[in-house]
Amino acid sequence: MAVQYNLKRADFIFRNENDWEKILSRTLQRDKQELINELISSELKGRGGAGFPTGLKWKLTSEAKADQKYVICNADEGEPGTFKDREILTKVPFKVLTAMGICAHITGATKGYIYLRGEYKFLRPDLEKAIKEFEYYCNEIDFDFSIEIFLGSGAYICGEETALMESMEGYRGEPRNKPPFPTNEGFMGKPTVINNVETLAHAFTIFKHGAKKFYDLGVQFSRGTKLFSVSGDTPKPGIYELELGMSLQDFVDEFGDGDTKAVQVGGASGFLVPRKRFGETSIGYKGKLTGISLPTGGSMMLFNSTRSMFNVLDNYLEFFREESCGQCTPCRVGCQQLLIGIKAVKQGQKPASYLDKLLKLTETMQLTAKCGLGQSVANSFSSIVENFREEMIY
Amino acid sequence: MSKKISITINGVVYEVDEGKTILEAAKEAGIIIPTLCYHKDLCVAGNCRVCVVEVVGQTRLAASCATPCHDNMEVLTNTLKVRNSRKQIIELLLSEHNADCTKCYKNGNCELQELAAEYKIMSQDLIDLVPHKFYSVDMYSPSIIKDDSRCIRCQRCVRTCAELQGVNALSVAYKGDKMKISTFFEKSMNEVVCTNCGQCVNHCPTGALIEKNYIEEVWEAIADPDKHLVVQTAPAVRVGLGEELGFDAGERVTGKMVAALKCLGFDSVLDTDFTADLTIMEEGTELLSRLKKALVENNKEVKLPMFTSCSPGWIKYIEHMYPDYLDNLSTCKSPQQMFGALAKTYYAKARKLDPEKIVSVSIMPCTAKKFEADRPEMHDSGFRDVDYVLTTRELAIMIKQAGIDFMRLPDKKFDRLMGESSGAAVIFGATGGVMEAALRTAYEIVTGREVPFENLNIAPVRGLEGVREASIKIENPLEAWAFLDGVELKCAVAHGLVNAKKVVEAVRNNQASYHFIEVMACPGGCLGGGGQPIPTSPEIREKRTMAIYAEDAGMPVRKSHENPEIIKIYEDYLKEPLGHKSHQLLHTKYTERNRY
Amino acid sequence: MDQTTGLITQLAEQHGRTRDKLLPILQGVVEQENYLSDETMIKIARELDLPAAEVFGTASFYSFLEYKKMGKYVIRVCKTITCAMKGKNQILLTIEDMLKIGVGETTNDKKFTLLQTNCLGWCHKAPAMLINDEVYTELTPERVREILSEYIKK
């Protein structure tokens with residue numbers, strides 16, 4: 001490709017972590033408020049998809065009054081097309097553990113958990129080893145913090161923070177009502193910081209190199225770098241650390257196979273961007289795509305012109321129909337209606353105009369569903385139906 | 001005492017206590033927000049999403065039942081967005097629901113139907129999901145029918161069975177489109193720890209959980225010229241029946257109830273209260289006999305505390321959960337079953353009726369009574385003692401079907417021989433009533449004096465707290481009861497199975513030294529039973545409670561042992577409490593059951 | 001069945017008997033016995049003093065806590081979008097052809113059960129599958145035959 005691209009690669013996450021002990025011990029010496037300010041000034045946002053400001057989260061939890069607090073690492077990576085957390089935990093687990101330790105120091109927690117999805121069970125032995133080493137060091141420097149692995153058992157919804165905590169407490173992974181928020185009432189009713197694996201890895205970078213180094217990368221509202229999980233019709237599937245704020249066109253120029261028809265940004269709960277919009281779309285927390293922050297865990301799936309967008313949407317809706325926890329009406333019934341609805345239009349049992357009824361339904365789901373799963377179905381549904389309507393019809 | 005904050009609802013400012021939810025604040029302000037999964041008796045779920053409202057500044061709608069107010073919050077409950085969302089939610093529920101209302105038992109009394117009517121759902125654009133669902137109907141239990149095709153998954157039944165009753169026969173299973181309300185391994189209700197208390201039926205907004213009704217069977221029996229129809233009515237029915245027929249909660253309709261039953265065609269309209277008095281005679285004597293064995297003979301075999309045995313939900317509960325305490329149960333049958341046994345023996349004989357031609361029907365506030373009548377051991381008369389059990393709700397249906405203008409009925413009296421009762425009997429319908437009735441009689445038997453409470457109203461056992469305690473010191477007893485001199489008779493009362501559990505655990509852990517414990521499976525006692533009019537709420541139960549005690553206060557006879565028909569049945573037939581005839585007809589055995 | 005009771009007691013001793021230990025205990029039993037029978041769930045309920053319906057309701061939520069009898073090796077083929085695009089149907093057909101069972105079925109010798117599952121997190125090496133806890137990626141029909149042959153030999 002003779003095209004000039006503007007993707008900025010970076011290499012903070014997977015860079016070696018051998019100095020973790022030094023980073024941990026020196027950071028634990030620092031003033032807690034100072035550390036919070038550093039994290040806030042970095043403008044790091046949650047990398048799991050929700051994009052909540054990490055500094056604020058740690059600040060709120062540190063201010064909450066309780067006799068016990070927790071730090072949880074959300075390793076329930078389940079968004080279709082996302083596989084970066086697995087890589088982080090395999091290659092640089094100590095960064096995650098150290099960041100958890102620093103978080104514990106700041107917030108006053110003494111216990112940490114890693115909620116590891118059941119599908120990653122094979123990671124457990126090595127992760128346990130790393131934890132042992134980590135705890136040994138903590139003991140050496142008189143730091144009261146221990147970490148335990150909690151294994152998931154095959155439920156995508158447990159990636160939602162309150163569903164995750166329900167699961168850890170021995171219940172069905174059904175999201176809770178918010179408020180209260182985990183920063184006040186989380187695991188076992190205690191103030192809890194729950195962060196994505198990648199978020200913690202970035203936190204490590206910030207505490208190691210300083211907030212400015214992180215802040216200077218990326219663009220306004222979307223500071224720093226992000227790991228992108230690239231798959232689908234691409235000659236370069238894999239994990240790439242890129243600065244946020246890139247144009248999707250540049251991304252496709254780099255990663256497309258020359259025939260890219262559309263890109264799914266953010267997994268099944270994200271948005272499908274058609275070719276004609278690549279140029280006007282940027283990837284970050286306040287992308288040009290919508291006024292709402294992009295729920296991107298960094299999943300980028302490329303589809304070329306051989307792919308049927310109907311099959312793609314069908315696949316997503318099947319996924320949501322199964323993985324919904326089922327408790328709230330708009331999501332449980334809505335997902336079923338959307339799936340059976342597009343099938344009916346495709347088979348000619350319902351007129352094309354029925355798609356508009358379904359679009360309205362997704363709006364209702366977005367407004368009324370109890371958690372992010374039900375609220376996000378509208379993203380892929382509307383972006384696919386609006387941009388590829390002709391493929392939905394008989 | 002709590003801090004006040006100000007919120008604006010639909011443009012008007014209100015001062016509310018901090019911590020109240022939007023729904024509660026709106027209610028105080030006189031604004032009605034529709035709900036489905038919300039129920040006053042239960043913890044907040046926030047899953048149906050019907051109660052959504054707009055909060056200014058937030059993009060998404062908030063569930064008002066689950067969202068606490070904060071200072072300067074601005075809420076809008078009637079915008080286009082809100083109404084359209086609610087309408088869509090109802091449409092979604094209807095698409096997953098067997099919406100053939102004309103063929104549903106709850107037609108006319110269904111909360112989903114009410115919402116659909118309110119929002120004028122005139123068409124269904126969405127696709128009907130029911131054919132894809134393979135819903136099943138569980139009809140195996142004699143008390144409760146579970147119809148999954150009518151379930152809106154509000155989880156009220158699960159929360160009821162868990163929080164109110166502590167039985168946990170129902171839970172939520174699977175996820176996604178397969179999510180449903182289920183028993184252990186989807187076994188039928190009849191096979192699991194379900195106690196048949198029917199609280200789930202009381203709390204279900206639709207027709208997913210209903211009582212098994214025997215209306216047609218009873219109509220047929222009434223129509224059979226060969227059969228003599230005997231009916232008994234439980235004390236709690238007379239303070240609940242009115243609610244189904246135009247009266248406010250807490251209105252006593254005893255006379256009209258009797259008149260209606262006569263209109264329906266029952267040959268003898270008799271009163272369960274009669275056998276309630278009988279139960280006191282038998283159970284009171286049993287208690288004193290156990291106390292004697294324990295205190296005088298030092299008999300280690302005798303089991304104390306003694307638990308009452310008139311609540312079949314409680315009986316099934318203890319058979320499942322605490323079979324090691326079965327011997328602590330009184331061996332007395334419930335008043336319903338005592339009546340059934342006597343109707344086809346004592347009554348048949350006295351009225352010169354062929355017992356084979358007698359059909360014995362009972363009107364109960366209770367669904368567990370249907371299971372009780374079905375128990376294999378309830379055949380001591382030589383026939384099935386109670387043939388059909390109708391709930392208060394079923395009786396109301398029959399009255400309506402018969403075209404009776406209930407409100408204009410003149411009061412009638414019960415028939416003779418098993419129709420007279422005391423105030424002590426009618427209070428069986430309230431939690432604490434059995435205890436109070438027993439004390440009124442037992443104390444007098446032992447001391448020769450009335451219970452030392454004003455107007456015989458034993459206040460410590462009354463009220464609606466989950467577990468209540470009372471103790472009476474026996475001083476200067478009659479000579480035959482000298483061994484009780486100085487004994488402090490310790491009693492406890494529990495209602496709602498979750499409180500029964502507390503009491504049994506306390507006994508098991510030696511944290512309590514009670515002699516006598518009354519347990520009612522349903523919150524409020526029988527007046528809050530699974531067969532009573534729907535809806536139920538703490539306020540409604542309180543009104544019914546006041547009605548019961550008012551009925552008691554107005555009775556000419558207030559103590560079971562002074563009921564002339566009771567005196568007669570012992571003289572003519574039973575001879576003495578715990579005598580041979582009593583043991584034959586009025587006492588029973590229990591069965592250990594599984595624990596899933 | 002005594003073996004199961006022993007296992008459950010051992011797991012309860014190891015993890016504890018509070019509600020938050022339910023999942024690790026359920027997982028421990030599934031690891032050994034491949035699934036949770038109704039009798040097993042009753043035993044767990046008694047051991048933790050939980051209602052049996054609650055144990056069932058919780059277990060049935062999680063896809064990996066099987067409550068139907070499973071073969072010794074549970075094959076879970078990913079069916080989410082990238083794997084679907086990269087040929088998971090051919091993988092399924094290969095397995096169905098080799099083992100003579102369809103999705104959701106178990107072989108007669110009780111050795112293999114074939115299931116589908118959702119995104120396993122190996123999209124860049126699709127299609128992927130799990131056999132019990134082992135992950136196999138970059139599958140082709142030929143590779144699948146090789147892998148399964150090894151298992152058949154075991």
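This is a predicted model: local features need pLDDT of at least 70, side-chain atom pairs count only at pLDDT 80 or more; totals for chains, interfaces and linings use all residues.
1. A friendly place to start is the meeting of chain A and chain C, where the count is three salt bridges (a salt bridge being a side-chain nitrogen of Lys or Arg within 4 Å of a carboxyl oxygen of Asp or Glu). One of the salt bridges joins C:K79 to A:E322, with the closest N and O atoms 2.7 Å apart.

2. Residues are numbered from 1 along each chain as its sequence is written, chains are lettered from A and ligands numbered from 1 in the order in which they are written, and side-chain values use heavy atoms, with hydrogens and water left out.

3. How many residues does each chain bring to the contact of chain A with chain C? Chain A brings 47 residues and chain C brings 33 residues, contact meaning heavy atoms within 4.5 Å. The size of an interface is often given as the accessible area lost when the parts come together. For chain A and chain C the buried area is about 3200 Å², with carbon and sulfur atoms giving 57%; this is the accessible area (1.4 Å probe) that two parts lose on being put together, summed over both.

4. Now look at the contact of chain A with chain B, which takes 36 residues from chain A and 37 residues from chain B. About 3000 Å² is buried between them, and carbon and sulfur atoms give 55% of it. Four salt bridges are counted between chain A and chain B. In one of them, the side chains of B:D125 and A:K357 meet at 3.3 Å, N to O. Three helices of chain A, α11 (309-323), α12 (329-346) and α13 (354-368), each supply at least two residues of the side that touches chain B. Among the elements, α12(A) gives the most to that side, with 10 residues. Sorted by class, the side of chain A that touches chain B has 12 nonpolar, 14 polar and 10 charged residues. In this sorting Ala, Val, Leu, Ile, Met, Phe, Trp, Tyr, Cys and Pro count as nonpolar, Asp, Glu, Lys and Arg as charged, and the others, Gly among them, as polar.

5. Helices (H or I, at least four residues) and strands (E, at least two) are DSSP runs, numbered from the N terminus. Is A:D314 buried or exposed? A:D314 counts as buried because its relative accessibility is 16%, where buried means under 20% relative accessible area, exposed over 50%, and partly exposed in between (1.4 Å probe, protein chains only). Leaving aside neighbours within four places in sequence, A:D314 is in contact with A:L339, A:I342 and A:K343.

6. Over all chains, a search of the whole structure finds 89 salt bridges. In chain A, A:E391 pairs with A:K261, the closest N and O atoms being 2.6 Å apart. This pair links distant parts of the chain, 130 residues apart: A:E391 sits in helix α15 (residues 389-392) and A:K261 in strand β9 (residues 260-265). A:E391 is buried, at a relative accessible area of 18%, and A:K261 counts as buried at 13%.

7. Chain B has a salt bridge between the side chains of B:K370 and B:E394 (2.6 Å, N to O). B:K370 lies in helix α12 (residues 368-374) and B:E394 in helix α13 (residues 392-401) of chain B, so the pair ties together parts that are 24 residues apart in sequence. Both B:K370 and B:E394 are buried.

8. Finally, the aromatic rings: one aromatic cluster is formed by A:W20, A:F94, A:F134, A:Y137, A:F143 and A:F145. Rings of Phe, Tyr and Trp (its six-membered ring) pair if their centres lie within 6.5 Å; planes under 30 degrees apart count as stacked, over 60 as edge-to-face and the rest as tilted.
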